[in-house]
Protein chains: 2
Amino acid sequence: MATINDIATKLGISKSTVSKGLNNATDVSDEMRKRILETAVELGYTNKRLQKKIKKLCILIENMDYTTPNHFGYDLILGFKQMAEPEGWLIDIVPITIDFQKLTPYGVFMMQQGYQAAFILGFSLLDPWMAEFHSCKFPTVLYDNYIKDNPYMASVGCDSEEGFDLAVRHLMRLGHRKIGLISGPLDSYILKARYHAYLEALDKHGLEINENFIGLGYYVAESTRTYIPKLLKEGVTAILFSHDIRAISAITECDDRDIRIPEDLSIIGFDDLPMTSFTTPPLTTIRQDRIALGKCGFYALSCLLNHVAIGSILLRASLIIRESTGPAKISDQQKI
Amino acid sequence: MATINDIATKLGISKSTVSKGLNNATDVSDEMRKRILETAVELGYTNKRLQKKIKKLCILIENMDYTTPNHFGYDLILGFKQMAEPEGWLIDIVPITIDFQKLTPYGVFMMQQGYQAAFILGFSLLDPWMAEFHSCKFPTVLYDNYIKDNPYMASVGCDSEEGFDLAVRHLMRLGHRKIGLISGPLDSYILKARYHAYLEALDKHGLEINENFIGLGYYVAESTRTYIPKLLKEGVTAILFSHDIRAISAITECDDRDIRIPEDLSIIGFDDLPMTSFTTPPLTTIRQDRIALGKCGFYALSCLLNHVAIGSILLRASLIIRESTGPAKISDQQKI
C-alpha cells in the first residue's frame with residue numbers, strides 16, 4: 001500500500017505538500033494538486049483517515065433519466081439506496097458528461113470527492129472513463145457493462161439469455177417458427193449481449209438463423225420503418241426488440257401500414273417500461289426488475305468492498321405476457 | 001401465503017392435527033406427519049413462529065471432501081461461515097446421499113429441520129433433488145449448478161469463460177496455436193460450461209477448433225492415457241484440463257512416456273488445488289478462490305432471502321503461472 005512518502009518521492013516534493021494537496025489546502029496550486037492526486041491514484045494510495053470518517057458512495061449516471069418514478073434510472077437508484085443507506089452509506093447521485101470525463105480522470109475524481117466506491121449507470125463503450133476502468137482500483141460496479149481482467153470491477157444486469165429464451169419459448173408455443181430481431185447497432189455491451197442471446201435462443205430451440213431476419217439500426221423510428229416490411233417479406237411472424245422503445249415504435253409503424261398486432265405480427269419488447277401496459281395493444285415484454293437491479297448493484301459493491309472479486313451478478317428475467325403476442329399467422333412460404 | 005387451515009382443508013383433517021404434525025408432536029403417525037409436511041411444502045406454507053425463533057441455514061454436501069484444510073470443500077464452507085455467522089446464522093453442515101434424497105423430498109427435509117435456506121455443494125445432474133429444485137420455494141444456492149426458471153434458486157461459481165480465456169491468451173503468447181482439451185464427460189453442468197468456454201476461447205482468438213483436439217472420458221488415468229498420445233499426434237502443443245486432478249494425472253502419464261513438460265507439451269489445470277504447487281513441474285492452473293466462492297454463496301443467499309431474484313454470481317478466475325507451460329514446440333505439421 002502506497003504512503004504519502006511514496007507520492008512525495010515520486011514527485012520530488014515534500015510530504016507536507018503532498019498532504020496539503022490530498023486535503024484540498026488552499027496554498028497548493030491547482031496544477032500541483034492535480035499532479036498529487038493523479039500520482040496518488042497511480043500508486044494505489046488510499047486516504048484511510050478520510051475514509052474512516054465517512055462512508056461515501058456515488059452513483060454516476062449518464063444517458064439515463066432518473067428524476068421521476070416513470071424514468072428508467074429512478075428505480076435503479078431507489079433499490080440501491082434501499083440497501084446502502086441502512087448500512088450507513090452516504091450516497092451522491094452525480095450526472096456525468098463526456099466532457100467532464102475528458103477533463104478529470106476517474107481515479108482523481110473519486111479521490112477528490114472522497115468516494116470509496118461507485119455504481120455506474122448508462123455509460124457506453126465510447127465514454128473516456130471506460131478505458132480507465134481497466135486499471136482503476138476503486139471498487140466499481142457497472143450496470144450493463146463488463147470490464148475484463150480487473151478484479152476491482154463488477155457487472156450487474158438482467159440475464160438477456162434467459163429473457164430471450166423465455167420469449168422464444170412463448171412464441172414457439174404460439175406456433176411461431178420464423179422469429180426476427182430489431183435492435184440498435186452493436187456498439188454497446190448490452191446490445192451485443194442481447195444479439196448473442198437472440199442467436200443462442202434460436203439455436204437452442206432449433207429455429208432458423210438467418211441474417212435477413214435481423215435489422216440493426218441507430219435511429220429508432222427509421223430502422224423500424226425499414227426493417228418491419230423487410231422481415232415480413234422474409235416470412236417472419238414475430239419480432240423480438242432489443243428495447244421496449246423500439247417495440248413501441250413498431251406499434252406506431254404497424255398501425256400506419258395496417259399491419260395488425262398480434263394477428264399479422266407478434267412483437268416482444270425488453271425492459272417492461274411503465275408505459276408498456278398502456279400501449280395499444282399492451283406490450284408483451286421481458287421484464288428487468290429495476291428495484292432488484294439497484295439492490296444487486298449494492299450487493300455487488302459489497303462483494304468488492306469485502307475483497308470478493310466477483311465478475312458479475314445476473315438478475316433473472318421474466319416474461320410479462322400482454323396482448324402484442326398471439327398465434328402465428330401462417331406465412332405465404334409455409335402455406336405452399 | 002398458505003395457512004394451517006389450508007393444509008387442514010386440503011387433507012380433510014383438523015387444524016390441531018396439522019399443527020401437531022408441523023411441530024413434531026408424538027401423537028401423530030409418521031405417515032400422517034409426512035403427508036402434512038408434504039402438503040405444507042406444496043402449498044408454500046412457512047412456519048413463521050419457528051423461523052423467527054432461530055435463523056438456521058444448512059450446507060448440503062455430496063461428492064466433495066471438506067473436513068481438512070487441503071480438501072476442496074473446506075474453504076468453501078469456511079468462506080460461507082465467515083460471512084454468515086457474524087450475521088447471527090446457525091449453520092449445519094449436512095452430508096447428503098442419493099438414497100436419503102430418494103426417501104425424503106427436499107422441501108420436507110428443509111421444513112422438518114427448520115432451515116430457511118441452503119447452500120448446495122457437489123451435487124450432480126443425477127441427484128434426485130435436482131428435479132425438485134425446479135419448483136421448490138426454499139431459497140437455495142447451488143455451487144457449479146444452475147436451475148432454470150425458478151426465482152428461488154441461484155448459482156455461484158467461478159467464471160469458466162474468463163478462466164479459459166486467460167489460459168488461451170497465456171498459451172498464445174508462448175506461441176501455441178493447437179490447443180487441446182481433456183475433460184470428464186459432459187454429464188454435469190460445470191463440465192458442459194468448461195467445454196463451451198474452451199470452444200468460445202479458441203473461437204474468440206481465431207484458433208483451430210477440431211474435435212480431434214478434444215478428449216472426454218470418465219476415468220481420469222485411463223482417459224489421460226488414451227488422449228495424450230492422440231492429441232500429440234494431431235500436432236497439439238498444449239492441453240487445457242477440466243480439473244487439476246486430470247492435469248496431475250497427465251504429469252504422471254507424460255513422465256512414463258518420456259514426454260517432457262513443458263518442453264514437449266504445455267499443460268494447464270483448473271482449480272488450483274493445494275497440491276499443484278508441489279507437482280514436478282509445478283502446475284500452471286486456473287484459480288478458483290474457494291474462500292471467496294464460499295462468501296459468494298452467502299451473498300447469493302442474502303439476495304434470495306431479500307427477494308432479489310438473482311440467477312447467478314460469477315467469481316473472477318485468475319491464472320496462476322507455474323512451470324508446466326512454456327514456449328510451444330514446433331509440431332511436425334508446422335515444420336513442413
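In this predicted model, Asp165(A) and Lys148(B) form a salt bridge in which the closest N and O atoms lie 3.1 Å apart; a salt bridge is defined as a side-chain nitrogen of Lys or Arg within 4 Å of a carboxyl oxygen of Asp or Glu. Across the interface of chain A and chain B, four salt bridges are found. A further salt bridge joins Arg169(B) to Asp149(A), with the closest N and O atoms 2.9 Å apart. This pair crosses between chains, from helix α9 (residues 160-173) of chain B to the loop between β4 (140-143) and β5 (153-158) of chain A. Helices (H or I, at least four residues) and strands (E, at least two) are DSSP runs, numbered from the N terminus. Asp149(A) is partly exposed, at 38% relative accessibility, where buried means under 20% relative accessible area, exposed over 50%, and partly exposed in between (1.4 Å probe, protein chains only).

Residues are numbered from 1 along each chain as its sequence is written, and chains are lettered from A and ligands numbered from 1 in the order in which they are written. Local features need pLDDT of at least 70, side-chain atom pairs count only at pLDDT 80 or more, totals for chains, interfaces and linings use all residues, and side-chain values use heavy atoms, with hydrogens and water left out.

The interface brings 30 residues of chain A into contact (heavy atoms within 4.5 Å) with 30 residues of chain B. The area buried between the two chains is about 2200 Å², of which carbon and sulfur atoms give 47%; buried area is the accessible area (1.4 Å probe) that two parts lose on being put together, summed over both. Strand β11 (residues 310-315) of chain B pairs with β11(A) in the antiparallel sense over five bridges, pairing being assigned if DSSP finds at least two bridges between two strands. Within this pairing, Leu315(B) is the bridge partner of Ile310(A).

Salt bridges also occur within chain A. The side chains of Glu162(A) and Arg316(A) meet in one, at 3.0 Å from N to O. This pair links distant parts of the chain, 154 residues apart: Glu162(A) belongs to helix α9 of chain A, and Arg316(A) to the loop between β11 and β12 (318-320). Both partners are buried, Glu162(A) with a relative accessible area of 8% and Arg316(A) likewise with 8%. Over all chains, the structure holds 26 salt bridges.
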